[in-house]
Amino acid sequence: MPNPSLLILPGDGIGPEVMAEVRRIIDWFGANRGLAFDVSEDLVGGCAYDAHGTPLHDDTMARAQEVDAVLLGAVGGPKYDDLDFSVKPERGLLRLRKEMDLFSNLRPAQCFDALADFSSLKKNVVAGLDIMIVRELTSGVYFGEPRGIFKEGNERVGINTQRYTESEIARVARSAFDLAMKRGKKLCSMEKANVMESGILWRDVVTEVGRDYPEVELSHMYADAGAMQLTRWPKQFDVIVTDNLFGDLLSDLAAMLTGSLGMLPSASLGAPMANGRPKALYEPVHGSAPDIAGQGKANPIACILSFAMALRYSFDQGGEAARLEAAVERVLADGLRTADLMGPDGGTPVSTSGMGDAILAALDASQ
Ligand code: NAD
């Protein structure tokens, strides 16, 4: 069997800095856990524009379609702000998401005990929190037609259309149920079936798909009530599935329950490939942080946890993913802090590579 393949796209700003730490961790799993990957690296974003005049070269796009998983750092920066819209760094990322048809966006909200003081909520509400929001990413009101600003009599009217087909709902529901099976077997679907027909259809289809997953406890909630419940007692949830618009809001809300942007990973999954693995792009939620780029200040944990998600969701290595997450937890419990994590409890300041060193040492100790 050939090694599983990974395409690494570090991108711009702090992207290459945080990805360098991930590369060391990938190497560690190859050397110590018999988990070798066939790794290739390429350009995306501003650096690809500098090299090729486009934020994503066709060859890179083709490679992304072939590999088992893509791992991306971040794109963008002030140097590229004045570029034409069609070649802006973000267009490279959008092209990847679109052409790989990544319809299921996974955003975990996980609170490491050592960082519970960073949350705006009380410590007992967030400590130990571990939920996953699955957001539909390629349809719904951001894409539905008709859309635009039209003239109606004497005034303008702005129109966007919430539109979902049964198959679009079913495929993201299936991906959420599959995920629930790998976690706590509890899924809450959120929509506004009380006021939106698309919400009624959403609820119907999710319920139908649920018949194939009798082990998963399915519940439904209106999305506005869901937002309240997420801030009141988030630990009542395990996996949440919702549409593009509500998912946009709810995943940001849930993520921020846990503190710093430098800690948040994400995955975007598409349809299964011939080998059964889903098309997949893993990336930290944060951007290229030009304000701290090149200074060794970036927190690599969001990108490292994105690789942990790849281990779990692309490579069925849940045990090894848990090993990596436990190593991160160990280091945080020991008080090591990149600049973004320096909070009320003080802590020992470390650089980007210092954090990588500590996580590697914790991995060594885990064996
Ligand atoms: P940003 O996420 O880059 O930074 C916001 C703030 O968080 C900054 O103060 C930054 O220093 C800090 N921060 C972010 N990640 C951090 C980390 N890992 N460690 C420590 N601190 C961290 O968002 P922004 O400033 O709005 O955008 C900067 C650039 O990134 C823009 O060009 C934007 O378009 C781009 N961007 C890219 C992505 C992506 O690649 N997915 C996402 C968001 C923004």
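Because the model is predicted, local features are described where pLDDT is at least 70 and side-chain atom pairs where pLDDT is 80 or more, while totals for chains, interfaces and linings use all residues. Residues are numbered from 1 along each chain as its sequence is written, and side-chain values use heavy atoms, with hydrogens and water left out.

**Stop 1: the ligand**

The shell holds 20 residues, and the closest are Glu90, Gly287, Ala289, Asp291 and Asn299. Sorted by class, the shell has nine nonpolar, seven polar and four charged residues. In this sorting Ala, Val, Leu, Ile, Met, Phe, Trp, Tyr, Cys and Pro are nonpolar, Asp, Glu, Lys and Arg are charged, and the others, Gly among them, are polar.

A polar backbone atom of Gly287 is 2.7 Å from an oxygen atom of the ligand. For Ser288, the distance from a polar backbone atom to a ligand oxygen is 3.1 Å, and for Ala289 it is 2.8 Å. The ligand has 800 Å² of accessible area on its own, and the protein covers 67% of it. Accessible areas come from the Shrake-Rupley method with a 1.4 Å probe, and for residues only the protein chains shown count as cover.

**Stop 2: the largest nonpolar core**

Select Tyr282, Phe307, Leu324 and Ile359. Among the 70 residues of the largest nonpolar core, these four touch the most other members. Such a core is a set of buried Ala, Val, Leu, Ile, Met, Phe, Trp, Tyr and Cys residues joined through side-chain atoms within 4.5 Å. Buried means under 20% relative accessible area, exposed means over 50%, and partly exposed is in between (1.4 Å probe, protein chains only).

Now color helix α10 (residues 301-313), which gives ten residues, the largest share of this core. Helices (H or I, at least four residues) and strands (E, at least two) are DSSP runs numbered from the N terminus. The core lies between domain 1 (1-108 + 265-367) and domain 2 (130-257), because both give residues to it. The domain bounds come from an automatic or database domain assignment. In soluble globular proteins, nonpolar side chains tend to be buried together.

**Stop 3: Asn244**

Go to Asn244, in helix α9 (residues 244-256). Is Asn244 buried or exposed? With a relative accessible area of 1%, Asn244 is buried. Its side chain reaches two backbone oxygens: that of Ser139 at 2.9 Å and that of Leu137 at 3.4 Å.

**Stop 4: backbone geometry**

Select Glu145 and Pro146, which are joined by a cis peptide bond with omega about 0 degrees. Pro146 belongs to strand β6 (residues 144-152).

Move on to Lys185, in the loop between α6 and β8 (186-191). Lys185 is not a glycine, yet its phi is positive, about 60 degrees. Its relative accessible area of 30% makes Lys185 partly exposed.

Asp316 is in the loop between α10 and α11 (318-333). This residue, also other than glycine, has a positive phi near 55 degrees. Asp316 counts as exposed, at 63% relative accessibility.

**Stop 5: pairs separated in sequence**

Start with Ile169, in helix α6 (residues 166-182). Ile169 is buried, at 0% relative accessibility.

Then select Tyr222, in strand β9 (residues 217-222), which is partly exposed at 33% relative accessibility. Tyr222 and Lys192 are 30 residues apart along the chain, and their C-alpha atoms are separated by 5.0 Å.

Finish in the loop between β4 (104-110) and α5 (123-126), where Phe118 lies. Phe118 is partly exposed, at 23% relative accessibility. Phe118 and Gly356 are 22 Å apart in space, C-alpha to C-alpha, and 238 residues apart in sequence. Leu121 is in the loop between β4 and α5 and is partly exposed at 22%. From Leu121 to Gly259, the C-alpha distance is 9.7 Å across 138 residues of sequence.

Terms used
Near = heavy atom within 4 Å. Polar contact = N/O pair within 3.5 Å; in protein donor to acceptor, adjacent residues only side chain to side chain.
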